[in-house]
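Dear colleague,

I am handing over the structure we spoke about, placed just below, and my notes on it follow. Please read them with the coordinates open beside you.

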Amino acid sequence: MLIAHLPAGYLAAKGAQGAGASKAVFWGILLGSIAPDFDMLWFFFVDSQSTHHHDYLTHRPILWAGLLLFGLLLRRPFLIAVGCGALFHLMLDSIAGKVSWGWPFFEGATTLVTVQATQGHWIKSFMAHWTFKVECLIVLVAVAVYLRSTFKGKSE
């Protein structure tokens, strides 16, 4: 997933908010929806892109499941929400990117769809794939929900 992690997280956070969740939960889901990709800073500035960023600890579901469980134990809605948002991120990554759901128990990374290298650059291949159209749809829906909630609040 290239562009829709934050918009998808926003939609999930708005759904939680509609179900009565606090602002802390809203912001926790948003943070979690992008947190696994903080590893991109290491990927570009330290690792010189030598290791795929899905191989870093931040893309291991056990890390975020641990945070979620820790939040449950401490009864901290924000931590629970960050864990949920990050796991949601990894589920979305699993559509067209490999995620090691069984790590550390086994190394096999899984993906639902393989994006073939049809273009000269991997980003162009992703943008030409049907999954990118789904991402664009997620972005459009998130923008529509945002605009509706913004204008609805001003008209009341």
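Ser-149 is found in helix α7, which covers residues 130–155, and in this predicted model Ser-149 is partly exposed, with a relative accessible area of 29%. Leaving aside residues up to four places away in sequence, Ser-149 touches Tyr-10 and Lys-14. The C-alpha atoms of Ser-149 and Ile-80 are separated by 25 Å, and these two residues are 69 residues apart along the chain.

Tyr-10 leads on to helix α1, where Tyr-10 is buried together with His-5, Pro-7, Ala-8, Gly-9, Ala-13 and Ala-16. Helix α1 has 14 residues and reaches 20 Å from its first C-alpha to its last, which is close to the 20 Å expected at 1.5 Å a residue. After α1 comes Gly-20, whose phi is positive, near 100 degrees.

How do α1 and α5 pack, in terms of the angle and the distance between their axes? Helix α1 (residues 5–18) and α5 pack at an angle of about 130 degrees, with their axes 10 Å apart, and that angle makes α1 oblique to α5. The crossing of these two helices, α1 and α5, is right-handed. The contact is made by His-5, Ala-8, Gly-9 and Ala-12 on the side of α1, and by Phe-88, His-89, Leu-92 and Asp-93 on the side of α5.

Helix α4 also packs against α5, and here the angle is about 155 degrees, with the axes 7 Å apart. Because angles over 145 degrees count as roughly antiparallel, that makes α4 roughly antiparallel to α5. The crossing of α4 and α5 is left-handed. From α4, the residues Pro-61, Trp-64, Ala-65, Leu-67, Leu-68, Phe-70, Gly-71 and Leu-72 meet Leu-79, Ile-80, Val-82, Gly-83, Cys-84, Ala-86, Leu-87 and Leu-90 of α5, so that Ile-80, named above for its separation from Ser-149, is among the α5 residues in this list.

Which residues of α4 are buried? They are Pro-61, Trp-64, Leu-68 and Gly-71. Seen down the axis of α4, its buried residues fall within an arc of 90 degrees, and they therefore line one face of the helix. An α-helix has 3.6 residues a turn, so residues three or four places apart point the same way. The buried residues of α4 pack against α5 (77–96), whereas on the other side of α4, Leu-69 and Leu-73 are exposed. As for the length of α4 (residues 61–74), its 14 residues should span 20 Å at 1.5 Å a residue, and its end C-alpha atoms are 20 Å apart, which agrees. Just after α4, Arg-75 takes a positive phi of about 55 degrees.

Some points of backbone geometry in the loops may also deserve a look. Ser-48 is found in the loop between α3 (39–45) and α4, and its phi is near 55 degrees, a positive value in a residue other than glycine. Gln-49 is placed in the loop between α3 and α4, and Gln-49 likewise has a positive phi, near 60 degrees, without being a glycine. At 59% relative accessibility Ser-48 counts as exposed, while Gln-49, at 47%, counts as partly exposed. Finally, the peptide bond from Trp-103 to Pro-104 is cis, with omega near 15 degrees, and Pro-104 has its place in the loop between α5 and α6 (122–128).

Terms used:
Residues are numbered from 1 along each chain as its sequence is written. This is a predicted model: local features need pLDDT of at least 70, side-chain atom pairs count only at pLDDT 80 or more; totals for chains, interfaces and linings use all residues. Side-chain values use heavy atoms; hydrogens and water are left out. Helices (H or I, at least four residues) and strands (E, at least two) are DSSP runs, numbered from the N terminus. The expected span of a helix is 1.5 Å times one less than its number of residues. Buried means under 20% relative accessible area, exposed over 50%, partly exposed in between (1.4 Å probe, protein chains only). The arc is that of the directions from the helix axis to the C-beta atoms. Contact means heavy atoms within 4.5 Å. Axes are lines fitted to C-alpha atoms, for helices over the stretch in contact, and angles run from 0 to 180 degrees between N-to-C directions. Angles under 35 degrees count as roughly parallel, over 145 as roughly antiparallel, 65 to 115 as roughly perpendicular and the rest as oblique. A crossing is left-handed if the near helix is turned anticlockwise from the far one by less than a right angle, and right-handed if clockwise.
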